[in-house]
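Subject: The model we talked about

Hi,

Here is the structure I promised to send over.

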Amino acid sequence: MRLTAMYVGAVLGPGVLVLPALADEAAGPASVLAWVALLALSVPIAVSFARLGERHRGGVTGFVGTAFGARAARPVAWWFYLAGVPFGVLGGALVGGRYIAHALGGGDPALIGILLLAAAFAANYAGLRVSAGVQVLLVGLLAVLLAVAIAYNVPSVSRDDFQPFAPHGWLAVGHAAVVLFFAFSGWEAASNLADEFTDPRRATRRTLVVVAVLYLGLAVTTAGTTSDVPLADLLERAFGPSARLVTAVAATLLTFGAINTYLAGGARLGGRHGLTGLLVLCAVLTAVTLRLDVELDTLMRVASTTLAAVTAAGLAAAVKLLRSRTAAFALGCTALVLAFSGALLAVPLVIGVAALVSARVGSAVPAGRSSS
């Protein structure tokens, strides 16, 4: 059960506190189809990464490096470091800001989010880390809150909540899937745990069941929502205004824990690949976001697109290393999600090209006079 909890912790994160609203904004109640499609896609992705984790080490960058060489692994590391972590961290902070402002009955969500981010920066600078056990505990809290909110609100769901079903057309389901992919990323991180336990496949199956129940329940109970804080609304229906304090505390702990963990993990990954200055990068992104008034939806879509590119690279490695049709199917589906990213595909494309060029330039620089 401990491995299952860690797997759930790798997949389930604070993004689900706001993603139902963003998905509904993109596709209306039809966004439930995007939830179902991504849950189905999670099965071959999870199986592929579990099998890779049993046979190879180093996470997704290690898998890609083993399959295609160290140079091919470089863009994957850069995607994580330069886009996945900074945009995901800032998006998570703003999500926490929304929930805390809601609980306080006012305040600037962006300012509160920045304060959360600053606290995480300070903790990382001081060398303080959120342990894996604490992070799993926080995610367990989120799972319990989701389960309680879903159980109470499912009986009140009616057909009217799904009308009109697809107000923005059927293609909008694909656009909802892009932003929702953020909630389904994490299988590549979970694969790092496979060599520490004896039965990662059982943990993968259990995690899929837990995630499926929680995500489908969340999709159904928030259908048609226009709220920025859907989980808070669900809990308030169950317990009244007193639930605001619970959700505020939970959102604070979850977002701070996730941000702290992402920053620490990103810094370690960057160090292995010669990338430094993650805190500065996040600070610059934050300043630009506030100056240009960038929407949370855009931040989450950039992070999701980048993480989908990372997942696709890992699945490509699985196709080569495992000779797996399952991985090939998952790769094709992930490529379809990426296609709906549209112009945002430029983010992983530009970063990937820059990573490859820097590797080529670095290898072309004379290392010194040969001793031969």
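Below are my notes, starting with confidence and moving on to the inside, the salt bridges and the surface.

Some housekeeping before the details. This is a predicted model, in which local features need pLDDT of at least 70 and side-chain atom pairs count only at pLDDT 80 or more, while totals for chains, interfaces and linings use all residues. Residues are numbered from 1 along each chain as its sequence is written, and side-chain values use heavy atoms, with hydrogens and water left out.

**Confidence**

The chain has a mean pLDDT (the predictor's confidence in each residue, from 0 to 100) of 85, and 90% of its residues reach 70 or more. Confidence is lowest in helix 1 (residues 2-11), with a mean of 64, and highest in helix 15 (residues 325-339), at 95. For residues 367-372 the pLDDT is below 50, and that stretch has zero contacts in the model beyond near neighbours in sequence. Contact here means heavy atoms within 4.5 Å. As for the helix numbers, helices (H or I, at least four residues) and strands (E, at least two) are DSSP runs, numbered from the N terminus.

**The inside**

The largest nonpolar core has 108 residues, and Leu12, Leu146, Leu180, Tyr215 and Leu231 have the most contacts inside it. Helix 5 supplies the largest share of this core, 16 residues. By core I mean a set of buried Ala, Val, Leu, Ile, Met, Phe, Trp, Tyr and Cys residues joined through side-chain atoms within 4.5 Å. Buried is under 20% relative accessible area, exposed is over 50%, and partly exposed is in between (1.4 Å probe, protein chains only). In soluble globular proteins, nonpolar side chains tend to be buried together.

Seven of its ten residues are buried, so helix 4 is largely enclosed by the rest of the structure. The buried ones are Gly59, Val60, Thr61, Gly62, Phe63, Val64 and Ala67. Just after helix 4, Gly69 takes a positive phi of about 105°.

Gly314, in helix 14, counts as buried because its relative accessibility is 0%. Apart from neighbours within four places in sequence, Gly314 is in contact with Phe49, Leu52, Val60 and Val64. Gly314 and Gly62 are 252 residues apart in sequence, yet 9.1 Å apart in space, C-alpha to C-alpha.

Ile112 sits in helix 6 (residues 109-125) and is buried as well, at 15% relative accessibility. Its contacts, not counting residues up to four places away in sequence, are Gly97, Ile100, Ala101 and Leu104.

**Salt bridges**

How many salt bridges does the structure hold? There are three, where a salt bridge is a side-chain nitrogen of Lys or Arg within 4 Å of a carboxyl oxygen of Asp or Glu.

- Asp228 pairs with Arg98, the closest N and O atoms being 3.4 Å apart. The pair links distant parts of the chain, 130 residues apart: Asp228 is in the loop between helix 10 (200-221) and helix 11 (230-239), and Arg98 is in helix 5 (residues 70-104). Asp228 is partly exposed, at 44% relative accessibility.
- Arg244 meets Glu236 at 3.3 Å, N to O. Arg244 counts as partly exposed, at 28% relative accessibility.
- Asp297 joins Arg301, with the closest N and O atoms 2.9 Å apart. They lie four residues apart in helix 14 (residues 296-322), about one turn of the helix, and both are buried.

**The surface**

Leu141, Leu245, Val249 and Leu253 make a nonpolar surface patch of about 340 Å². Helix 12 (residues 243-272) gives the largest share of the patch, three residues. Leu253 is in helix 12 and is partly exposed, at 39% relative accessibility. Patches are made of residues with over 30% relative accessible area and no salt bridge; like charges are joined within 9 Å, and nonpolar side chains (Val, Leu, Ile, Met, Phe, Trp, Tyr) within 5 Å. The areas come from the Shrake-Rupley method with a 1.4 Å probe, and for residues only the protein chains shown count as cover.

Cheers
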